[in-house]
Amino acid sequence: MTREQIKRSNLDTLAQYHETLRHKPQLRQLFFELTLKCNEHCFHCGSSCAENMPDGLELDKYKEILDEVKENFGTGVFIALTGGEPLLYKDFFELTAYIQKLGFPWGITSNGTLITKETAAELKKYGMRSISLSIDGVKETHDRYRGMKDAYELGMRGIQNLIDQNCFNIMVTTVVNHENIKELDDLFEIFDRMDINEWRLTGLEPIGRAEKAVDMHLTADDNRYMMEFIRDKRKKGFPVEYSCTHFIGIEYEAEVRDWYFLCNAGVYVAGILENGDVTACLDIPRNKKTIQGNVFKDRFTDIWNERFEIYRTPLSERNEKCSSCPEAGWCRGGAYHSWDYEKEEPKICFKGILF
């Protein structure tokens, strides 16, 4: 079989597996949006976070949810703590101590600026497994995007403090846009000298604040350049990958990341927002269609088991053009975070761009 035939066969197998997941989902990752507070003010923030935003649930409520998850799903579920900047949550280390006590694996997403040597040691003490940190360009670019003086230096210091602990899986994430795509080679030179585990590139998505930054969205040429950049570096052994978002066509599937596209929202992943609303991936727009319940009114287990139908039915079935597409069985309408739930169409589609 040719490489293309093998890919097509693998994608067909994955499509069949997705049908199984629709009826028998497996909770593998649960996100807690601990706070909407953030010490940065990123132009592309999907949640429009800021310094004066609210915290999430009280500590006792998170403990109650964790007890329920342990009882009904076991401790194999990965608990992902995010925000905002999760380290700004008032009871952060009390919560992580409880997560560790129950036996869950856990990690965080962070801008890295608050990770001092002491904080890195505390994260180790309470058993953190992995962390995703954001660096979006060289110093001047990153500081400008993040709306914070010395954001780059503080973020890089945080990464090094974590490296020095020698026990975490460290992933650096870069949101690539029409401007900073020119700095990918410079960033590669920097990260190639650092002992990080992964460098993840993801395109700027039309969500949150970034929806209005139209001039920063990637062009067709930008997207193809990014894919070629990733593929070239991976062939040379560097651990860079494209994010989990979007079906990107036969040419690039399983070339720029280790897996074939499958949006995990609602079949592997659930998320609890700062107000207790339950959804899937936290990047998904928050509306009546996507919010499936609230932990102050419903048990999380019941929401997961009895709702989430929108996430377990392919988005392509909601749009005639998508449903008639030859790649519909593999793409399924794309990622749930970039779907327009008013127009019932994808905001991003790589057909005609990458395939």
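Student: Which helices and strand each supply at least two residues of the lining of the second largest pocket?

Tutor: This is a predicted model, so local features need pLDDT of at least 70 and side-chain atom pairs pLDDT 80 or more, while totals for chains, interfaces and linings use all residues. Residues are numbered from 1 along each chain as its sequence is written, and side-chain values use heavy atoms, without hydrogens or water. With helices (H or I, at least four residues) and strands (E, at least two) taken as DSSP runs numbered from the N terminus, the contributors are helix 10 (320-323), helix 11 and strand 12 (345-346).

Student: How far from Cys325 is the nearest cysteine sulfur?

Tutor: Count a disulfide as a pair of cysteine sulfur atoms within 2.5 Å, and the model has zero. Cys325 is in none, and the nearest cysteine sulfur, that of Cys349, is away by 6.6 Å.

Student: And which cysteine has the sulfur nearest to Cys349?

Tutor: Cys349 isn't in a disulfide either. The nearest cysteine sulfur lies 6.1 Å away and belongs to Cys331.

Student: Over to the rings: why is the pair of Trp199 and Phe229 classed as it is?

Tutor: Rings of Phe, Tyr and Trp (its six-membered ring) pair if their centres lie within 6.5 Å; planes under 30 degrees apart count as stacked, over 60 as edge-to-face and the rest as tilted. That rule gives 16 aromatic pairs. The centres of Trp199 and Phe229 are 6.0 Å apart and the planes sit at 90 degrees, so the pair is edge-to-face.

Student: How many residues apart in sequence are the parts that Trp199 and Phe229 tie together?

Tutor: Trp199 lies in strand 6 (residues 198-203) and Phe229 in helix 8 (residues 220-235). So the pair ties together parts whose separation in sequence is 30 residues.

Student: What about Phe247 and Trp330: how many residues separate them?

Tutor: Their rings form a tilted pair, 6.2 Å centre to centre with 50 degrees between the planes. Phe247 is in the loop between strand 7 (240-242) and strand 8 (269-272), and Trp330 is in helix 11 (residues 328-331), so this pair links distant parts of the chain, with a separation of 83 residues.
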